[in-house]
Amino acid sequence: MELDGGDPTREILACYNKVHETFLRSQPDVEALQNLTLPDYRYTTHRGATWTREGNSLKQLEALQKVVPFAPLASSYGMGWKGLQAVRYRKKHLSELSWAGTLGTHVLALTMRSPQKMQLRYGEVKRDVPPPAGWIRVVPAGSSVRVHWQGSLDFLLIYLEPSLVARVAAESFDYDPTRTVVPPVDGLNVPELRSAMLAVDAELRAGGRGGPQLAESLATILCVHLIRHITTPRQRTPSPDGVLPRCKLHSVIEYIMENLAGSPTLEQMAAVAHLSPYHFARQFRAATGLAPYQYVIVRRVERAQELLREEDELGLGEVAFRAGFSDQSHFSSHFKRIVGVTPRQFRMSARIA
């Protein structure tokens, strides 16, 4: 739909009618909604469509930005973040905004400023009054959400990948990730979690070098607080004791080394061993002394050491890439932590030797 740039009232009315015609049906056309351009006037009314598309947080964030009829204050879309994505919305004098959909990721929502009116439904949560500033909501992946705002709108949304939460639950808390529940929560008051969310907001708006690495660290911190304060490990099924059998360990290590330049996930490594991620993580740690993710980092650093010794003409960025690190900053940080010196210092000492 194209607008002719005429009288704003006609434009608003045309969009309003188009939205009603297209989306207030029993089978709303989501693709048409994403292709519809709405003018961002003070009193524009938007009626939401039902969105049930599954996908990771990046696709979900992109889709939501197509649905909301005004640009966000800041968005992580296109910033190279992994594990989490974020979007900050701020708008005064919003006449009306309604949205309904099913989420594919866990969502943490932080209210920066209370709206005049708000209705919210997801899981067992039913809210008919605006939340106060600083209010944290947790919306689990798979939740069907219906929300309606009026007045000022100022909030931060953080999308956490369920696979990351599961990995942290398995590796840091010894939980069975397949049996760990993230419940719906409205009004979570955890200062440490709020501080981490505000740090995400600050990085989202400021940006800068090392942003993806900082976002990755913040994603882990958010997962830790989420698991500490609200997740409930269901009663575990009996798990086999002992270490990962030698033949399975050999297969997993072979898989890791073949895919070191990529991003072998806990689920993929567990599949090689024909175990659940939870049982695999426990048995792998017992066999190697390291969590699977830590083991991958150590092997990447070892490969980088070989490259630094044998490929003198390679730049540090190329060494980082060939060893499987996302960038040189990420590489240097892990290298110094494990080896004790920077990659440049290691290369210089190798030359002297």
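1. Buried means under 20% relative accessible area, exposed over 50%, and partly exposed in between (1.4 Å probe, protein chains only). This is a predicted model: local features need pLDDT of at least 70, side-chain atom pairs count only at pLDDT 80 or more, and totals for chains, interfaces and linings use all residues. Residues are numbered from 1 along each chain as its sequence is written, and side-chain values use heavy atoms, with hydrogens and water left out.

2. Start with salt bridges (a side-chain nitrogen of Lys or Arg within 4 Å of a carboxyl oxygen of Asp or Glu). The count comes to nine. Arg 322 pairs with Glu 318, with closest N and O atoms 2.9 Å apart. Both lie in helix α11, four residues apart, about one turn of the helix. Helices here are DSSP runs (H or I, at least four residues), numbered from the N terminus. Arg 322 is partly exposed at 37%, and Glu 318 is partly exposed at 33%.

3. Asp 201 and Arg 205 both sit in helix α5 (residues 191-206). Their salt bridge has closest N and O atoms 2.9 Å apart. Asp 201 is buried, at 3%; Arg 205 is partly exposed, at 46%.

4. Asp 312 forms a salt bridge with Arg 347, at 3.9 Å between the closest N and O atoms. Asp 312 lies in the loop between α10 and α11 and Arg 347 in helix α13, so the pair ties together parts 35 residues apart in sequence.

5. In helix α13 (residues 343-352), Pro 343, Phe 346 and Arg 347 are buried. Exposed Arg 344 and Ile 352 are on the face turned away from the buried side.

Note on methods. Helix = DSSP H or I, 4+ residues; strand = E, 2+ residues; numbered from the N terminus.
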